[in-house]
Amino acid sequence: MKNYIILFFSLFILASCEQNNSNEINIYSKRHYQVDIKQYENFEKATGIKVNVIKSSDDELLERLKNEGKNSPADLFVTVDAGKLQKGVQMGLFQKIKSDIIDSNVSNDLKDINGFWIPITYRARLLVYSNERVNKSDLSTYEDLANDKWRGRLLVRSSSNAYNQALMSSLYANLGEETVTNWSSDVVKNFARDPKGNDRDQVKAIAAGQGDIAIVNSYYIGLLLSSEKQSEVDAGKSVSVFFPNQGDGQRGTHINISGFAMTKNAPNKENAIKLLEYLTGVDAQNTYVNNSYEYPANPKVKPSDLVQSWGDFKRDKLDLNALGTFREKAIKVFDNTGWK
Amino acid sequence: MKTVKFQDKVALLLFVLIFSPILFLLVKSFNQDTETLQYLFKNLLFDYSINTIYLVLITSFFSLIIGIIPAWYVSNYQFAGRRIIDLILYLPLAIPTYIMAFTYSELLSFTGPFKITYDFLQIEILGILLAFSLYPYIYSVSRISFSLFGSRYYDMAKNLGLNAYQTILKVVLPLSRPAILSGLFLVVMEVLNEYGAVKYFGVNTYTIGIFRSWNSMNDSGAAIQLSSILLFMVAFLFFVEKYFNKNKRFSFSKNTQLASLNSPNNSMKFLIYVICLIPIILAFLIPVLFNLINIFSSYEDINFERLLNLTFNSFTVSLIASVLILIVSTFFLYNEKMSNSKVYYYINQFISLGYSIPGAVVALAVVISVTSLDNLDDNIKLLGSFSVYFLILIYAYIIRFMAVGKSPIKSSLEKYPDSYNNSAKNLGLSNFKIFQKIYFPINKYAFFTALTLVFVDIMKELPITLILRPFNFDTLATQTYEFAIEEMIPLSSIYSSVIIIICCILLIFLKMFLDKSNVFRN
């Protein structure tokens, strides 16, 4: 019996010792979409470089990176929020990425002005409204959501959610503390219910008649409309998409990126850059837009047909690092105004 | 003068190994900035605590109701299908709380089969859903406790003029209190640790506060402090309960005849079926059928190679960690039993504390402690390789789930009087021989119970696995979760079903094994 146990454990440890070949890339990923698996497989086929991934929440992965320090096996960190990338930069975890190919692949206004992170896709945090109960002409800006014509009609998820924190950070950066605090307390008064659920649940709540307008990320609408479940497609069809702050002189709709950063001691730096060049290239960008309904970071690529049908929109040109630097202030606004 | 015995040295080493991350956490919480903590206290913690208490109360209430009442009828009445009903009543333990929550969210949503327009994301509904997965903790302990009452207790109650209702209230429940409380303790711990489902339901609990300070306020120090406070509160409650029950240890008198099963009349039978079928249908059949039906609708998308691979991963980590937990907890508990010193008693209390901290924080504590070892010397390079992270993962499971493994072994060991070891010692047997010849055979059911419960818990575990796993290492639980949070429930169903099926098989096996042991009357 004893021998079996020893045998079992030694076999296991043998089996679990991975060979340290350098033809690989190690990624810590907050993204866990099916399209990512496809991208990494395609990259492996094209280059022979193996992509290893650990998926967890971004804050936990940053903590893990910090603790691993120079011993970390990770080359790249990827998440869905510029604010968290900025957090990693603040923690001193990343190094600048230099590549002419990436530089020419990515839209200028999406880039990190400090050169630490690379955007691959972006999404808009926009409004959806009930086709039955809301006139499009009543919608205009994020600021207008504080208007009491929306009393008891607005749906949004909790302030613990990173997308809402990013939105509030952008508003804080654009409008200043006093205005944004007043805005938030009025918005809370307009809630149809306490914040809960995910973005898709807000759309379903409109379909169910629990509220009339909601703040959601663009690609969730795409996912609902392309669902295999007819009831979800119906829910998606019961609402329309609206890009706020598009008028003359207005700053544009709040966006956020999915982006990569390279760790300070990346053991496979060259491979990592190759991967980023690949992911920002036209082929991979097309794969992204057609599978996840995100907007491409590469201006040569068009969004998916469905997303294009919502029309073009003007992006808020705010430096996306502000989504990180203003986060703590944004949290305090949430807490002080009772946005749960 | 006695030299320190070998086993005491091993014990000390093991204790340091298991307790040091928790100790690290406690020490670290004292040298952190308290700004965030003060902010949270001022603004949020009152609300968060109220929500936590309310949620704990709802889940406890429903777990007690659907745990104790069926246990009472199954233990005392004979009716057709009794054994199968008894068996199924345990099985919701195989369904992780997040799968329960996702399943019902799909069913109760507007886009679900019933087009429900009511907003189901309510704290009360969450509390009931959690009770669905957690009540078996209460059911199992109540079943054992109710089955062990001898007829003498009932005869006495009858002689004292108590009716059936009064007997339950005044005799059965007070006598079963320690057992039920130990089950309830596990339920409460699970609720305190719940993260995914509470976040989805928009219920801000204390654990949400821990993650808010870590994730949103960028202050892992505050998260550590909050976890330490939680740990102290749980430890305090635990010791208070111990203190008040100190003089109330019950040993069931063995020579009393076990009461025979009653034959209910027809209306009683009807009542029994209704009472037992409610938890069976709601907490087991509906989620299981829902998942199985989903598999059929997404059959062509199933990647069987990956499924096999993840099943192997889940199985391996669960098996290794649960065997180690079994060995370590038996070692400590047995030493407590055999040793005259109080030291082992305290060790046993301390190493259970990991269960009161959210899994993600246990993971953080482990990473921090291993890192500090790493930083001692430049030549030490622990972090980074697959095998090290694999070991760290197992290590974290052990810290977190030690309490689950200990509890059945402890209660089983306590049943046997110390006179056993005295006579064995008089016969000149060593401690190890006594264990081999006496304690192992008579406690084997408890060991098997401990192994199964820990295995099932690790199979379902999520936060620790997500944070500490090595590269490309997915388990059934992590894959279920990744699909589910993207609302790809049909795709997640095959993975969740495999978790449920494996855990069910083990629980059924355990139940049959225990039935053979005559722990229960049949």
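**Exercise 1.** What percentage of the 340 residues in chain A is buried?

*Solution.* The model is predicted: local features need pLDDT of at least 70, side-chain atom pairs count only at pLDDT 80 or more, and totals for chains, interfaces and linings use all residues. Residues are numbered from 1 along each chain as its sequence is written, with chains lettered from A and ligands numbered from 1 in the order in which they are written. A residue is buried if 20 or more other C-beta atoms, placed from the backbone, lie within 10 Å of its own. In chain A, buried residues make up 54% of the 340.

**Exercise 2.** Compare the radius of gyration of chain A with the globule rule.

*Solution.* The radius is taken over C-alpha atoms, and the rule is 2.2 Å times the number of residues to the power 0.38. For 340 residues a compact globule would have a radius near 20 Å; chain A has 22 Å, which agrees. Along the principal axes, the C-alpha atoms of chain A fill a box of roughly 70 × 55 × 40 Å.

**Exercise 3.** Describe the side of chain B that touches chain A.

*Solution.* Contact requires C-beta atoms, placed from the backbone, within 7 Å. By this criterion, 41 residues of chain B are in contact with 47 residues of chain A. Helices are DSSP runs of H or I, at least four residues, numbered from the N terminus. The largest share of this side of chain B, six residues, comes from α15(B). Its classes are 18 nonpolar (Ala, Val, Leu, Ile, Met, Phe, Trp, Tyr, Cys, Pro), nine charged (Asp, Glu, Lys, Arg) and 14 polar (the others, Gly among them).

Note on methods. Contact = placed C-beta atoms within 7 Å. Helix = DSSP H or I, 4+ residues; strand = E, 2+ residues; numbered from the N terminus. Buried ≥ 20, exposed ≤ 12 C-beta atoms within 10 Å, placed from the backbone.
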